[in-house]
Amino acid sequence: MDFVHEVRATLAASGDPGRAARQQAYMKSALPFHGLSAPQLTVALQPLLAVDAPADRAVHEATVRRLWDDATHREEWYAAIALMRLRRLRSWLDPEALPLLRHLVVTGAWWDVVDDVATHPVADVLTGHRGDVTATMRAWAVDDDPWVRRTAVLCQVGARDATDRDLLRHAIEANAADPTNWLRKAIGWALRDYARTDPVWVRAEVDRLGERLSGLSRREALKRM
């Protein structure tokens, strides 16, 4: 049995149908759930993710795509992201990984998977390769796809002192007028996170943007200040 089949068999055997129905309703997901809580999912995947590394990047990315594109339940998406986040495979989180990560964002198109991809593998690519990737993130900030734009807004969450403020400002300004809560909340989250590092800059930025910033973004940005 290969890795993908093992993941699917393990998830199917570990689920709770009652929880699955509640999860699907809460997430408004077309894909059903098996019904694992987040801690249960971590425990179920741990031995499977501890296997030897894939032979090469092509095998690794093909495995992620099989888990993702052929998923029958949402936990398979979560397993694909967990595989992308494995520390021992971090050397493959480089600019070459961005097409696959963009594919996950565009086809996932919902906050649970998009935010995990944005704040972990995409963030790791940016952190490790700023010189090569910053221009791509600036382009993503004005992309036609709103989830790609949300990713650009959130890709520096947790960066703290390493935050590129010019990139953060660009992503926020490019999306400040967006009418959807998805972008407005992401802007507030990104600013609130960076406020833990530089609250003076964040407050000044909120004041500078003025009415261009939605009330939701403003409230989220200043929530803990």
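**Salt bridges and ring pairs in a predicted model**

The count of salt bridges here comes to 21. Keep in mind that this is a predicted model.

Start with Arg102 and Asp143. Their side chains form a salt bridge, at 2.7 Å from N to O. Arg102 sits in helix α6, residues 98-108, while Asp143 is in the loop between α8 (130-140) and α9 (146-154), so this pair ties together parts that are 41 residues apart in sequence. How accessible are the two partners? Arg102 has a relative accessible area of 29%, and is partly exposed. Asp143 has 18%. The cut-off for buried is under 20%, so Asp143 counts as buried.

Asp166 pairs with Arg169, and their closest N and O atoms are 3.8 Å apart. The cut-off for a salt bridge is within 4 Å, so this pair at 3.8 Å is counted. Where do these two residues lie in the sequence? Both are in helix α10, residues 165-175, three residues apart, so about one helical turn separates them. Asp166 is exposed, at 53% relative accessibility. Arg169 is partly exposed, with a relative accessible area of 25%.

That pair also belongs to something wider. Which residues are linked in the network of salt bridges? They are Asp166, Arg169, Glu173, Glu205, Arg208 and Arg212.

Glu220 is buried, with a relative accessible area of 8%. As background for the bridges in general, side chains of opposite charge can pair when their charged atoms come close.

Now the rings. How many aromatic pairs are there? The count comes to six. One of them is Trp68 with Trp77, which is stacked: the centres are 4.5 Å apart and the planes are at 10° to each other. For the label, planes under 30 degrees apart count as stacked, so the 10° between Trp68 and Trp77 puts the pair in that class. Are these two residues buried or exposed? Trp68 and Trp77 are both buried.

Elsewhere, ring pairs join Trp110, Trp147 and Trp182 into a cluster.

To recap with the structure on screen: find Arg102 and Asp143 for the bridge between α6 and the loop between α8 and α9, Asp166 and Arg169 for the one in α10, and Trp68 with Trp77 for the stacked rings.

Note on methods
Residues numbered from 1 in each chain as written. Predicted model: local features only at pLDDT ≥ 70, side-chain atom pairs only at ≥ 80, totals over all residues. Heavy atoms only, no water. Phe/Tyr/Trp six-rings, centres within 6.5 Å; stacked < 30°, edge-to-face > 60°. Buried < 20%, exposed > 50% of the residue type's maximum accessible area, 1.4 Å probe, protein only. Helix = DSSP H or I, 4+ residues; strand = E, 2+ residues; numbered from the N terminus.
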